[in-house]
Amino acid sequence: MEANQRKILKAICLEIRHILEGRFEGDRFIIGDLERRLNEIGVWRDRTSKKVEELPHLSSYDKDARRIIDAYIHYREEAGVKKDEAVAEFIRESAYTWSNRLLALRCMESRAIIDEVIVQKEIYGGRSLIHNRFVKKNYSACSGDDDGLYSVLFNEFTAHSKELPEIFDPNALAVSLRPSIAAIKRIIDLLSGKIVITSNEMATDDVFIAQDTLGWAYQYWNAEEKERVFKMVRINKGAKIEGRDIIPATQLYTEPYMVKYLVQNSLGAIWMQIHPESKLFEQWEFFVRDANREIIEKKPISEITFIDPACGSGHFLLEAFDLLYNMYIEESNLKNSEEICRNILNNNLFGIEIDERAAQITKLVLWMRAKEKAIGFYISSNEPFHKHILATNIQLPSGKDHLDIYLVKHPEDLIYKSTIESVFEGLNNVNELGSLLQIEELVDKELKYLAKDAKQKIFSINSGTLITTQTFEKIKNDIISRLIDHFDVEAKNPDLSQTFFSNSAGKGLALFNLLDKRYDIVATNPPYMGLGNMGEALKKYINKHYNSGKNDLYSAFILRCIQLANNHGQIAMVTQQSWMFLKSFIELRCGKCSSNNQEHLNGILCVTCVETIAHLGTRAFNEISGEVVNIVLFNLSKRNLSSNHEIIIYRLVAYGGPHEKTKMLLKLINCSENNLKYHINQKLILSIKDAPLSLYCLPHDLIPALKMHRFGDFGDVSQGPSPNVNKHVRFWWEIPRSYNNWVWYVKGGGYGKWAGKELWVARWPIFSIDPKSTVRGEKNFGKGGLCYTTVAQGNLSVRRLKSDTIFSDASSGIFAPTNVLNSIYVEWNSRLYTYYARMLCGKLDFSENYLRDLPSPILDDASSTLIGTFTQNYKLKLLQYDLLEREFYYNKVQFNSLVEDLLKYFALCAFYIY
């Protein structure tokens, strides 16, 4: 989708949301049309609702809407939700449901899948084609204020609900509340291009015909809410992102080149492993042909399963659909395009999402792709496809007798009551957890407990068959099937409270079925959220179930994706790069070690083979500017790691913007030799302490040095006081020499080797007793040693630290025996050690924890002392000319002496300097 088209679409989506749901003007919220409609039928957020009997003017539609909203508020209050929140939930769901339906119809007609329902034309009297036909046939039905518009819309909803009931069900509770005539007409005018949106541009078919229109529409619908959530976190100290705020905060539309790369190297890789003779890979421009893969057992294409556990608007599933379609054709068991499309939707594709709106869009885009591939395609409302794409917006009330009703009808399951209860108890917080929920483990545990407790003498009431551990799967599947059938029937119950519960219960059971399976391909762009921003429920669950991935939501998803993949399955993900090298992700990378000999027990690099990595860095997304998110794409294979397995890594961090990264990635994939394409042995990475994947850039002959003793075995790198002591710090020339309690202080100051950057003094020990100051490294004050600038874009720069000087967090201290300090004083100022440090740290700052892992000193004491002393003395002479430095003196050094020293300097140690 072109940038100008996205701009128009964003304006349309936000305007529709403002019309229906409301908007903020500064700190004041202006209610939208749907809330005004609720007020008209006697419902308010902040006061008691009027009785229906007091509102005789209500139409039959409004009376139905009032009955439904009253039942919904009662149902949510049973779950502990306040009335104002329940009303807001209903308005939000109604708004996105109306928006989804109207946008869906507009996209369908722009792609010629249906006749024009939305877009209005003068030739039809300012109506759409379908509306004009309706008026001609039903003139009397068009005498109202809406000119028959609602009749037209609900006729379309009814027609399309036969194939897409979740999106177009005319009896859906969310559309029982109708927008006002003025609001619905304005929305249709927006979608028809009759109203100027932005920059004097109007919506045309080109905006809605693009394949990714609905995906972008979903992102833009959440745009303002996303800004609100992040503003809340910035302003309110200790604020957490939880509940419905997780949806906008973590939603990010995946760029097309990322999706193609990952799907082609996961689903495509599986196909080529099964059919090495296939030529389909020639159609896949992002397919890495020389990746280290293995031949796997053949299986028909109808049995290959692909799931996106955080599917958003279905971008990964849509790309998978296209690949699968061509695979079916090549396999040639099915000739009919309609049958191929039906098999793909019913057998191959699965998706889970926490947002109902996104799940609806996913189903719609897949259905539209099938319609485009096969004009006569039809899928009924009871086919498996509808249970394969699920939203986890499931919120069940507690303490109700809904399960008792089921057990009365199915007494044969009384013996499994605790197992059934564990299913529904396991659904707690699923609206936040999504596919991270490990409900299948709870049920398995409960069944095994029953078998053990009865010593495997449990008999089916109907058959009398002995139930053993071998029949667990059948029992489990039978129970879930009966529960699903029961709640499908109860969803049509006249008691709306039971209907609400049954709808949620049905979703929960379908979710259980999806999470209980294992898949050939698990591909996703998971949500990103640091541990500090998580709400209490989410944080507690991740700590318990995904401890090694607890530092971020995306890292927990990596572990979950590995769980969901079957043996020899593929995992393909877009994540932040931090898991590759940060020490906080050591357990995620390589697990725990059984002893000091680095024998790894688990972790990503131990239980999977990393096949390909595209290291994108920043500016990988169109909608995220600047150095905000560092991105990496990777493909894992869930199989045993061989000793010769090599990872292929493409480095694209220097390229700006998705267009440049796409262009360069394609060039690297199609070029066997390039200095931005790397091969590294996975076992070699595991042999290095902490297994940092960032070492892939190092020449292989430099890696063995990292397996030797590290500097941390001989000395320490210590962080000093934090910036909150800066109120006690001054430039040295600001404080008279006669003042007591002021000592020399170093705090960064930019690049500078050997000596210098001594520009400050600090009031000591005054700041050590200031309760607002954070003092670290106090045990090393007064020792003397080395220091370096912590944050630098260029090289590592190490300087002498005098014993009368205090170091800081911006200029950390290095302490070790004198002979070790003499060696690293020279070695760490070389470009070789900067290279090591950059690869270990993986970011701008040279963190203390990573510098401790640098290789141990290799120079002998005599050589290092000679070179270090000479370079230090020469630098001190230069500093005598710097007015700001501590070494400044008025007696200048003779020029000839400087030249003579410079020649000696280059003759003795040019290699170590440069």
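## Terms and the whole chain

A residue is called buried when its relative accessible area is under 20%, exposed when it is over 50%, and partly exposed in between, with a 1.4 Å probe and protein chains only. Helices (H or I, at least four residues) and strands (E, at least two) are DSSP runs, numbered from the N terminus. The model is a predicted one, in which local features need pLDDT of at least 70 and side-chain atom pairs count only at pLDDT 80 or more, while totals for chains, interfaces and linings use all residues. Residues are numbered from 1 along each chain as its sequence is written, and side-chain values use heavy atoms, with hydrogens and water left out.

The protein chain holds 35 helices and 19 strands. Of its 914 residues, 58% are buried. A contact means heavy atoms within 4.5 Å. Among the contacts between residues at least 6 apart in sequence, 71% link residues at least 24 apart.

## Helix α31

Helix α31 spans residues 818-827, and eight of its ten residues are buried, so the helix is largely enclosed by the rest of the structure. The buried residues are V820, L821, N822, S823, I824, Y825, V826 and E827.

## The second largest pocket

Pockets were found on a 1 Å grid over the protein atoms alone: a cavity is a set of points where a 1.4 Å probe fits but cannot get out, and a pocket is an open set with protein on both sides within 12 Å along at least five of seven lines. Lining residues have an atom within 4 Å of a point. Grid points are joined across faces, edges and corners, and a volume is the space filled by probe spheres set on the points.

The second largest pocket contains about 1100 Å³ of space. Its lining has 50 residues, and K226, A249, T250, Q251 and L252 lie nearest the centre. Elements that each supply at least two lining residues include α10 (213-221), α11 (223-235), α15 (315-331) and β4 (349-353). By class, the lining has 27 nonpolar residues (Ala, Val, Leu, Ile, Met, Phe, Trp, Tyr, Cys and Pro), eight charged ones (Asp, Glu, Lys and Arg) and 15 polar ones (the others, Gly among them).

## Strand β4 and its partners

β4 is one of the elements that line this pocket, and five of its five residues are buried. L349, G351 and E353 point one way from the strand, and F350 and I352 point the other way.

Two strands count as paired if DSSP finds at least two bridges between them. β4 pairs in the parallel sense with β3 (residues 306-308) over three bridges, and G351 is the bridge partner of D308. β4 also pairs in the parallel sense with β5 (residues 389-391), again over three bridges, and here E353 stands opposite A391.

Strands of a sheet pair through backbone hydrogen bonds, either parallel or antiparallel. An open sheet of four strands has the order β12-β19-β16-β17, with antiparallel pairing. β12 (716-718) and β17 (798-801) stand at the edges with a single partner strand each, so one side of each has no neighbour in the sheet. Neighbouring strands of this sheet are turned by 30° against each other on average, direction ignored; axes are lines fitted to C-alpha atoms, for helices over the stretch in contact, and angles run from 0 to 180 degrees between N-to-C directions.

Within the sheet, two bridges join β16 (residues 785-788) to β19 (residues 813-815). L786 stands opposite I814 in β19.

In helix α2 (residues 33-40), the buried residues are D33, L34, E35, R37 and L38. Their cover includes α1 (3-21), β2 (28-31), α3 (60-78), α4 (83-110) and α8 (181-192). After α2 comes G42, with a positive phi near 90°.

R66 belongs to helix α3 and is buried, at 3% relative accessibility. Leaving aside residues up to four places away in sequence, R66 touches I41, G42, V43, S49, K50, K51, V52 and L55.

V365 lies in helix α17 (residues 356-373) and is buried at 5% relative accessibility. V365 touches L214, S313 and L318, not counting residues up to four places away in sequence. Between V365 and H315 there are 8.9 Å in space, C-alpha to C-alpha, although they are 50 residues apart in sequence.

D147 is not a glycine but has a positive phi of about 60°; this residue sits in the loop between α5 (129-137) and α6 (149-161). S332, also not a glycine, has a positive phi of about 65°. S332 is in the loop between α15 and α16 (337-348) and is partly exposed, with a relative accessible area of 33%.
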